[in-house]
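Biologist: Could you take me through one part of this model in detail? I'd like a close look at how the two chains meet, and then at what sits around that contact.

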Amino acid sequence: MVRMNIWSMNRYAYVLPALILVCIFVVYPIIYNTVLSLQDKDLLKPESGRYVGLETFRELFKDKITWVALRQTALWIVGASSMGLLLALGIGIFLSLDFPVNKVLRGVIVLPWILPPLIVATGWRWMLQPEMGIINDFLRRLHLVTGYPAWLSTKERALATLMFVMAWRLCPFLSLMIMATLRGVPTQLYESASIDGAGGFQQFRFISLPFLRFPLIVGALLTAIWTINEGFTIIYITTRGGPGESTEIMSTVLYKLNFLYFKTSKAAAMSLLNLLILFGLSISYLVFFRKYWLRGVEG
Amino acid sequence: MRKRRVYFRKVAIMTVGSIIGIIIFVFILFPLVWLFVTSLKDISEVYSVPPRWIPENPTLELYKTVFSSHAGRQSSWPVYYLNSVLVAGVATAITVVLASLAAYGFARLRLRLAAPLLVVLLVTQMFPGPSLLIPIFFTIKSMGLFNTLYGLILLHTAFALPFTTWMGTNMFRSIPPEIEEAAIVDGCSRFRVFLRITLPLSKMGLVTTGMFAFLLSWSEFPFALILLQKEKMFTVPVGLSRYLTAHDIAWNEIATATVFMAIPLLVAFLILQRSFVRGMIAGYGKG
C-alpha cells in the first residue's frame with residue numbers, strides 16, 4: 001500500500017505556507033496601497049473612499065511639504081549612502097591590511113550593524129545633546145567647537161547630522177565587503193606592479209580600485225535601500241522631521257499624513273512614490289548582481 | 001645604517017596603524033559604551049554639565065526596573081520585555097519552520113515554478129519598511145489583529161521569510177543529495193528524510209536563520225508603533241519611543257533599557273559571530 005500524506009501528495013505544500021504569508025503581508029499590501037492611492041479616502045470624511053483616478057496625486061503635488069520631502073529624501077539617500085561609503089572605504093582598506101589590531105577590529109566592526117536602528121538613534125540623540133552630550137564635550141576639549149552647537153535642533157545641521165548617524169550604522173557592512181574584496185586581490189598583481197615601479201597610490205588606483213568597482217556599486221544600491229527603510233526610525237526617534245520641516249523625508253511625511261491628519265489616500269500616494277524608488281533600486285540591484293543570484297535561482 | 005632605517009620605518013608604520021585602529025575601535029564601540037556608562041549614573045549625574053566621563057557612584061540599580069515592576073517606582077519595562085520576547089520568540093520559531101520547509105521545497109523538489117518564485121522572494125525582501133505602513137495598518141485592522149501581538153508576530157514572520165528562505169535554499173543545496181537519495185531508496189518518505197537527515201545536517205544554518213529572524217523581530221519599530229496602541233501590548237521599541245517623547249527624559253533609564261535590549265543581540269552575536277556574518281554577506285552577496 002502506498003502511504004499517502006500531504007507531503008508526498010503535493011510538493012508545493014512545502015513552499016506554500018511561506019509564500020502565502022509573504023503574499024498576505026508584502027505582495028497584497030503593495031497592491032492594496034496602489035488601490036488606496038487612487039481613491040480619496042479620508043478617515044475624517046465618512047463618505048470618502050471613492051475611486052478618483054490620479055486626483056490624489058495632483059493634490060499631493062500641490063502641497064509644499066511633498067516637494068520638501070522629495071528633495072530631502074533624495075539628499076538623505078545620496079548623502080547618507082555616500083558618507084557611509086566614504087567611511088567604509090577608509091575602514092575597509094585599513095581592515096584589509098595586516099595590523100595586529102585588525103584581528104580584534106574585524107570582530108567588533110559589525111556592532112553598529114547588528115544594533116537595532118532604534119538603539120542607534122537613541123544613543124546618538126543622547127550623545128548629541130548640546131550641553132549634556134558627550135560629543136560636544138569631546139569636541140570642546142579638542143577646541144574644535146566653541147559654545148554648545150545644537151546638532152539636531154538647528155535647521156541647517158539636523159539633516160546632515162542624521163545622515164552621519166545613518167552612515168555610522170551602514171559602514172560596517174560596506175567595510176566588510178570592501179575588506180573581503182581587497183583581501184581577495186591576488187598579491188602577485190601588487191608584486192609585479194611594484195617591480196614595474198608603481199607607487200602605493202598607483203597600485204591602489206590601477207589594481208585595487210577596478211576590483212572594488214563591483215562591490216561599491218552593489219554596496220551603494222543596498223545602502224540606498226536601507227537608508228529608505230531605516231530612515232523612518234532614525235528620524236522619528238531623533239527629530240520627528242523637525243526642526244520645522246528640515247528633516248522630513250517621504251516616510252515620515254506619509255506617517256504623519258495618515259496617523260496625524262487621517263488623509264489615508266494621500267499617505268498611500270506618498271507610499272507609492274516611495275515604493276517606486278525602492279522598486280527602481282531593487283531592480284538595478286538585481287540586474288547588477290544577476291550573475292550571483294541567478295546561480296542561486298537555477299540551483 | 002640602512003637596516004636601522006628600515007626598522008624605524010616599520011615601527012613608525014606599526015604605531016600609526018595601531019593609532020588609526022584604536023580610533024576606529026572607539027568610533028565603532030563608543031556609542032554603546034556610553035549608553036552603558038549612562039545607565040550606571042544616577043539622575044543628578046546624568047544632567048551634569050559638562051558630562052562626567054566616569055560615574056562617581058556607579059550603580060546597577062536601574063537594571064532592576066527592567067525585571068520588576070516595583071523596583072523603586074512603577075515600571076512598565078517588564079511588560080514590554082515580556083511582549084518583545086513573546087513576539088520575537090514565536091516569530092522566530094514560525095520563521096524557522098516555514099523557511100526551512102520552503103527552502104527544502106526549492107532546493108530539492110524540482111518545482112517548475114522554483115526560479116520565478118525565488119526571484120519574487122528576492123524582490124519582496126526589499127519592501128518591508130515604512131512604505132508599507134498604510135496598507136498593512138488597514139489589512140491588520142480588517143483581520144481583527146490590531147492591538148494584538150498575533151498581528152505583529154505574523155507580520156514579522158512574513159518579513160523574515162524571503163531572506164531566510166533564500167538562506168535556507170542555499171544551505172540545503174550545499175548538502176550532497178546522495179545522502180538523501182540513499183535514504184529514499186531504503187523506503188524513507190520525503191518528509192522523513194527532511195526531518196531526520198536534512199535538518200540535523202544543517203543545524204548551524206538553522207540557528208543562523210533563527211538568529212536573523214529574531215534580530216529582525218526584536219529590532220522592528222515602525223510597524224510595532226502603529227499596530228500596538230495599548231500600553232499593555234507595547235514591545236520594547238514602542239515603549240522606548242514613548243519614553244523619548246517625554247518632556248524631561250530620564251536618560252539613565254532610557255540607556256538602561258537600550259543596553260538591556262542590546263544584550264540578547266550581543267550574546268547571540270558573540271556565539272555565532274563567524275557563521276552569522278558569513279551568512280549575511282553570503283545572503284546578500286554570493287547567493
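Modeller: Let's settle a term before counting anything: a salt bridge here is a side-chain nitrogen of Lys or Arg within 4 Å of a carboxyl oxygen of Asp or Glu. By that rule, the count between chain B and chain A is zero. Keep in mind that this is a predicted model.

Chain B puts in 100 residues and chain A puts in 96 residues. Together they bury about 8,900 Å², with 82% of that on carbon and sulfur atoms. As for polar contacts across the interface, the rule finds 10 residue pairs, both partners at pLDDT 80 or more.

A couple of residues of chain A show the contact at close range. M132(A) belongs to the loop between helix 7 (117-127) and helix 8 (134-141) of chain A. Its relative accessible area is 14%, under the 20% limit, so M132(A) counts as buried. Apart from residues up to four places away in sequence, M132(A) touches W126(A) from its own chain, plus V46(B), Y47(B), S48(B), V49(B) and P51(B). Compare that with T56(A), 76 residues away along the chain: the two C-alpha atoms are 45 Å apart.

Then there's V101(A), in helix 5 (residues 101-108) of chain A. At 24% relative accessible area, V101(A) is partly exposed. With neighbours within four places set aside, V101(A) is in contact with F94(A) and, over in chain B, with G17(B), S18(B) and G21(B).

Helix 12 (residues 250-259) of chain A is worth a stop too. It is mostly covered, with nine of its 10 residues buried; among them are M250(A), Y255(A), N258(A) and F259(A). The cover comes from both chains: it includes helix 3 (55-62), helix 4 (64-96), helix 11 (200-238) and helix 13 (264-288) of chain A, along with helix 6 (133-142) and helix 11 (222-227) of chain B.

Helix 11 of chain A also holds T227(A). This threonine is buried, at 0% relative accessible area. A polar atom of the T227(A) side chain lies 2.6 Å from the backbone oxygen of A224(A). Further along the sequence, T227(A) touches residues including W76(A), I77(A), M166(A) and L170(A).

Chain B has a buried threonine as well: T198(B), in helix 9 (residues 190-201) of chain B, has 0% relative accessibility. Beyond four places in sequence, its contacts are Y104(B), F172(B), I175(B), E180(B) and V193(B).

F172(B) leads us to the nonpolar packing. The largest nonpolar core has 177 residues, and F172(B) is among those with the most contacts inside it, as are M270(A), Y81(B), F106(B) and F223(B). Helix 9 (residues 155-184) of chain A supplies the largest share of this core, 15 residues. Y81(B), for one, touches V66(B), W218(B), V236(B), A257(B), F260(B) and M261(B), again leaving out residues up to four places away.

Definitions and conventions: Residues numbered from 1 in each chain as written. Chains lettered and ligands numbered in written order. Predicted model: local features only at pLDDT ≥ 70, side-chain atom pairs only at ≥ 80, totals over all residues. Heavy atoms only, no water. Buried < 20%, exposed > 50% of the residue type's maximum accessible area, 1.4 Å probe, protein only. Helix = DSSP H or I, 4+ residues; strand = E, 2+ residues; numbered from the N terminus. Contact = heavy atoms within 4.5 Å. Buried area = accessible area lost by both parts, 1.4 Å probe. Polar contact = N/O pair within 3.5 Å; in protein donor to acceptor, adjacent residues only side chain to side chain. Core = buried A, V, L, I, M, F, W, Y, C linked by side-chain atoms within 4.5 Å.
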